[in-house]
Amino acid sequence: EKNLDNSDYSVEAFSDDMCMSRMNLYRKLQIITGQKPTEFIRSIRLKKAAGLLTHTELTVIEISEKVGFATPHRIKEKRTSPGEKGNGKYGNVLKT
């Protein structure tokens, strides 16, 4: 989580941090989580964003910066589908 706010954090950097090759990281994450490294990084960011949306008064833009998304649309698209204002996965947390 130390690189959570770094939108440039890549699978290469993740594998370096884990002291293993990209291929070994890919294999181990597939076995343990069933996710590719990019999906794993994204899921960690989304979980953190969901917690911040639920428990803070921060805006979507502030949260997206804190969790490493260059734009806030990733958070919004996980929250609701078009036409479901406030009834998505995270409820009425955001006012759109």
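Which side chains meet in a salt bridge? The side chains of Glu12 and Arg22 do, at 3.3 Å from N to O, a salt bridge being a side-chain nitrogen of Lys or Arg within 4 Å of a carboxyl oxygen of Asp or Glu. Glu12 lies in helix H1 and Arg22 in helix H2 (residues 22-32), so the pair ties together parts that are 10 residues apart in sequence. A search of the whole structure finds 1 salt bridge.

This is a predicted model, in which local features need pLDDT of at least 70 and side-chain atom pairs count only at pLDDT 80 or more, while totals for chains, interfaces and linings use all residues. Residues are numbered from 1 along each chain as its sequence is written, and side-chain values use heavy atoms, with hydrogens and water left out.

**Overall architecture**

The secondary structure of the chain comes to 5 helices and 0 strands, where helices (H or I, at least four residues) and strands (E, at least two) are DSSP runs numbered from the N terminus. Of the 96 residues of the chain, 30% count as buried; buried means under 20% relative accessible area, exposed over 50%, and partly exposed in between, with a 1.4 Å probe and protein chains only. Residues 24 or more positions apart account for 37% of the contacts in the chain with a separation of 6 or more, a contact meaning heavy atoms within 4.5 Å.

Helix H3 (residues 37-55) has 19 residues and reaches 27 Å from its first C-alpha to its last, close to the 27 Å expected at 1.5 Å a residue, the expected span being 1.5 Å times one less than the number of residues. Among the buried residues of H3 are Ile41, Ser43, Arg45 and Leu46.

**Aromatic pairs and the residues around them**

Rings of Phe, Tyr and Trp (its six-membered ring) pair if their centres lie within 6.5 Å, and planes under 30 degrees apart count as stacked, over 60 as edge-to-face and the rest as tilted. By this rule the count comes to 2 aromatic pairs. The rings of Tyr9 and Phe14 have centres 6.3 Å apart and planes at 50 degrees, so this pair is tilted. The rings of Phe14 and Phe40, in contrast, have centres 5.9 Å apart and planes at 5 degrees, so this pair is stacked. Ring pairs link Tyr9, Phe14 and Phe40 into a cluster.

The table gives the accessibility of residues discussed here.

| Residue | Relative accessibility | Class |
|---|---|---|
| Ser15 | 3% | buried |
| Phe14 | 11% | buried |
| Tyr9 | 16% | buried |
| Phe40 | 22% | partly exposed |
| Glu12 | 37% | partly exposed |
| Arg22 | 48% | partly exposed |

Ser15 is found in helix H1 (residues 11-17) and, not counting residues up to four places away in sequence, touches Met20, Ser21, Arg22 and Leu25.

**Nonpolar cores**

A nonpolar core is a set of buried Ala, Val, Leu, Ile, Met, Phe, Trp, Tyr and Cys residues joined through side-chain atoms within 4.5 Å. The largest has 9 residues, namely Leu4, Leu46, Ala49, Leu52, Leu53, Val60, Ile63, Val67 and Phe69. H3 and helix H4 (60-66) each supply at least two residues of this core, and its largest share, 4 residues, comes from H3. A second, separate core of 6 residues includes Phe14, Leu25, Leu29 and Ile41.
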